[in-house]
Amino acid sequence: MLGLQWGDEGKGKIVDVLAPRYDVITRFQGGPNAGHTLEFNNIKHILHNIPSGIFRENQINIIANGVVIDPVIFSKEIEQISALKIDLSERLLISKKAHLILPSHRILDQASENAKGKTKIGSTLKGIGPTYMDKTGRNGLRIGDILSKDFKEKYNYLKEKHKDLLKLYDFDFNIEALEKEWFDGIEIIKKYQLVDSEILINDLLKNNKRILAEGAQGTLLDIDFGSYPYVTSSNTICAGACSGMGIAPQTIGEVYGIFKAYCTRVGGGPFPTELTDQTGEILREKGKEYGATTGRPRRCGWLDLPVLNYSIMLNGITQLFMTKADVLSGFDKIKVCTSYRIGNSEIDYMPYDLEEISQPLYTDLKGWETDLSSITSIKNIPSELEDYMRFIEKETGVPVTFVSVGPDREQILTRKP
Ligand code: GDP
Ligand code: IMO
Ligand code: MG
């Protein structure tokens, strides 16, 4: 289950809704740059490292090898969930091959962003980039290392390396001040089952168990196919689920794609349909579009079909789930971008450089007034919303099977069972 835009499509909520239909929920890439929100019983939870199936009683949740974990953020999440009298020890497993985010990774992230000035990516500053750099640079520390006798030595070696790198920047830092909390977090991680998750997951699949893989970020933030360099440092697309869990492509059944009924982006980088006017402001206020991880206001704009089609192609999406339909209530007209103008030509696909787009070209659809938030059956939705989804299906060739009409677990309509 993957995000098809720039993240924050509502993945946390949808995973929570679907979790009872599965035996296992996994996270396979990204780290605490993710903020996945769930709402039920008037409580709101934001998860960063932990899969969004954690509040369901009968499901196992696995943080798989492709994820990068910050022990400090992890232990805070554990604390918040445990406060609800939920015993996580049986429900949560962590791959020994997942990489650790060190305090110095966070500092390197900050120093690097700081040095970029105007071209900064708008990173969440959680140390994601530097941690994946150390993974591919073959310097990283993994969860399995915390059990080894020379863990502290390995840690110190990498920390000193980072201190050398930090000399390149004009940036004040104090790594030692962050270490106690970090090593306390390591002790918390040790209380969980640290496993070879690729073996476990393949065994589960062999035994016909159903696994829901929860993507983080979105396709347009993918390291290979996103709006580079304004992307994150992992493969957020479907292929990332194979490498991030150690499963073969043919084990994947359905590929669910989540998209917002409009678009948002937080951080820097091109955003063709961005609305910097009052309409953008309305979407932000109605949709409460503020980052779940950083609190930053999200940039808002109309739905972008070339982006959606590109994401569908890269992921092999078989079903679409549309979220935040309720936020579009009250607009006279709803615009959907169907092509772009670049110079004198018009294209309906993603160009190499999104910055080249001079103008998004729109089709206008009729809006609706009805408040959707308390609708409980698809039969009662306004005809204009049905037309909106039919238009998307016609343009993408993929069925929209679920529509979300509010943040709560209950606010979901099945369109095509
Ligand atoms: P994620 O990162 O994809 O899990 O999404 P986020 O949690 O960062 O952002 C989605 C936000 O929209 C959260 O505040 C959700 O509670 C909220 N949300 C999810 N689905 C809906 C919906 O259908 N309608 C409204 N109004 N809010 C929603
Ligand atoms: P979820 O899983 C939205 C964005 C950041 C920045 C860029 C790089 O909640 O959808 P990074 O911290 O990875 O170095 O940031 O990617 N970004 C997200 N935007 N949702 C997310 O996750 C994001 N994770 C990273 O804002 O532009
Ligand atoms: Mg989010």
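I count a polar contact as a pair of N or O atoms within 3.5 Å; within protein, one atom must be able to donate a hydrogen and the other to accept it, and residues adjacent in sequence count only if both atoms are side-chain atoms. I worked on a predicted model, in which local features need pLDDT of at least 70 and side-chain atom pairs count only at pLDDT 80 or more, while totals for chains, interfaces and linings use all residues. Residues are numbered from 1 along each chain as its sequence is written, chains are lettered from A and ligands numbered from 1 in the order in which they are written, and side-chain values use heavy atoms, with hydrogens and water left out.

**Entry 1: threonine 396**

I looked up threonine 396 and placed it in helix H11, residues 383–396. Helices (H or I, at least four residues) and strands (E, at least two) are taken as DSSP runs, numbered from the N terminus. The side chain of threonine 396 reaches the backbone nitrogen of valine 398 at 3.3 Å. Is threonine 396 buried or exposed? I noted it as buried, because its relative accessible area is 13%, where buried means under 20%, exposed over 50% and partly exposed in between (1.4 Å probe, protein chains only).

**Entry 2: ligand 1**

I listed 19 residues around ligand 1, with Gly10, Lys11, Thr37, Asp326 and Ser404 the closest; a residue is near if one of its heavy atoms lies within 4 Å. Helix H1 (11–18) and strand S3 (36–40) each supply at least two residues of this shell. By class, I recorded four nonpolar, seven polar and eight charged residues. Ala, Val, Leu, Ile, Met, Phe, Trp, Tyr, Cys and Pro count as nonpolar, Asp, Glu, Lys and Arg as charged, and the others, Gly among them, as polar.

I then read the contacts made by oxygen atoms of ligand 1. One such contact, at 2.8 Å, is to a polar backbone atom of glycine 10, and another, at 3.1 Å, is to a polar backbone atom of glutamate 9. A side-chain N or O atom of lysine 324 lies 2.9 Å from an oxygen atom of the ligand. Ligand 1 taken alone exposes 580 Å², of which the protein buries 94% (Shrake-Rupley method, 1.4 Å probe).

**Entry 3: ligand 2**

I found 20 residues around ligand 2, and Asp8, Lys11, His36, Thr124 and Thr232 come nearest. Its shell has seven nonpolar, ten polar and three charged residues. The side chain of threonine 232 places an N or O atom 2.6 Å from an oxygen atom of ligand 2. For arginine 296, a polar side-chain atom lies 2.9 Å from a ligand oxygen. Valine 266 contributes a polar backbone atom, 3.0 Å from an oxygen atom of ligand 2. I noted 550 Å² exposed by ligand 2 taken alone, 97% of it buried by the protein.

**Entry 4: helix H10**

I checked how helix H10 (residues 305–315) is covered: eight of its eleven residues are buried. Among them are Leu305, Val307, Leu308, Ile312 and Leu314. Aspartate 304 caps the N-terminal end of H10, with a side-chain oxygen 3.2 Å from the backbone nitrogen of valine 307. Glycine 316 follows H10 and has a positive phi, near 65 degrees.

**Entry 5: leucine 88**

I located leucine 88 in the loop between helix H2 (71–82) and strand S7 (92–95). Leucine 88 is buried, with a relative accessible area of 2%. I also took the C-alpha to C-alpha distance from leucine 88 to threonine 119: 41 Å in space, for 31 residues in sequence.
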